[in-house]
Amino acid sequence: MLPHRGKPISSKAVIVWRLTGALGALASGVAIGGVMWLLSQFHAPPWLLIVLVGVWVVQAIVWVVWLPPLRQRRWRYGIREEEIDIQRGVWSTRRTLIPMARVQYVDVRQGPLLKRYGLASIAVFTAAAAHEIPALPMEEAEQLCRLIAEWAKVADDDDA
């Protein structure tokens, strides 16, 4: 694993990701419940229904309990005048370096759950891709957005 470099995202991200995981687990529970009902109509063996419930319970535990704090601990970012450094990953670590000269624009995004907890995400767009730094305190996200936009403009002026 790569060493943790940079600043971590907000610890409130764990709460938001747990709520998101719970909503996903609820939706998959409804789907699995429908499959179980359908199987019971065809007289499926009881052990098969128990296995389906077990799969759903494991999935819910992973999405709600285990994964959110692990994701939050692994996220790191660094904003420097010449580049943006993003490190993330649960199973495998990915590190992305985005040169300021390649940044086209920056967005601050805030959905209902992020807004409830005073968080926002920054989306950095280049010609090739969009990169996101999730779950930052709102004030910090706005400041970083302005800073990235300013440094990206300076990089464009130097290239001309």
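**View 1. Packing of the buried residues of helix H1 in the predicted model.** Helix H2 (46-74), helix H3 (112-116), strand E6 (119-125) and strand E7 (130-137) are the elements against which the buried residues of H1 pack. These buried positions of H1 are Ala13, Val14, Val16, Trp17, Gly21, Ala25, Ser28 and Ile32. Helix H1 comprises 29 residues (13-41), and its end C-alpha atoms are 42 Å apart, in agreement with the 42 Å that should be spanned at 1.5 Å a residue.

**View 2. Histidine 43 in the loop between H1 and H2.**

**View 3. Alanine 135 in strand E7.** A positive phi of about 55° is found at alanine 135, which is not a glycine. Alanine 135 is buried, and its relative accessible area is 2%.

View 4. Arginine 76 is buried yet has no salt bridge; aspartate 85, the nearest side chain of opposite charge, is 10 Å away. A polar atom of the arginine 76 side chain lies 3.1 Å from the backbone oxygen of arginine 73.

**View 5. The span of residues 73-147 listed by UniProt.** An unreviewed UniProt entry lists these residues as "domain: YdbS-like PH". In the model, the span 73-147 is 23% helix and 48% strand, and its end C-alpha atoms lie 25 Å apart.

How values were computed
Residues numbered from 1 in each chain as written. Predicted model: local features only at pLDDT ≥ 70, side-chain atom pairs only at ≥ 80, totals over all residues. Heavy atoms only, no water. Helix = DSSP H or I, 4+ residues; strand = E, 2+ residues; numbered from the N terminus. Expected span 1.5 Å × (residues − 1). Buried < 20%, exposed > 50% of the residue type's maximum accessible area, 1.4 Å probe, protein only. Contact = heavy atoms within 4.5 Å. Lys, Arg positive; Asp, Glu negative; His and termini not counted. Salt bridge = Lys/Arg side-chain N within 4 Å of Asp/Glu carboxyl O. Polar contact = N/O pair within 3.5 Å; in protein donor to acceptor, adjacent residues only side chain to side chain. UniProt positions renumbered as here; feature names shortened; annotations may be inferred.
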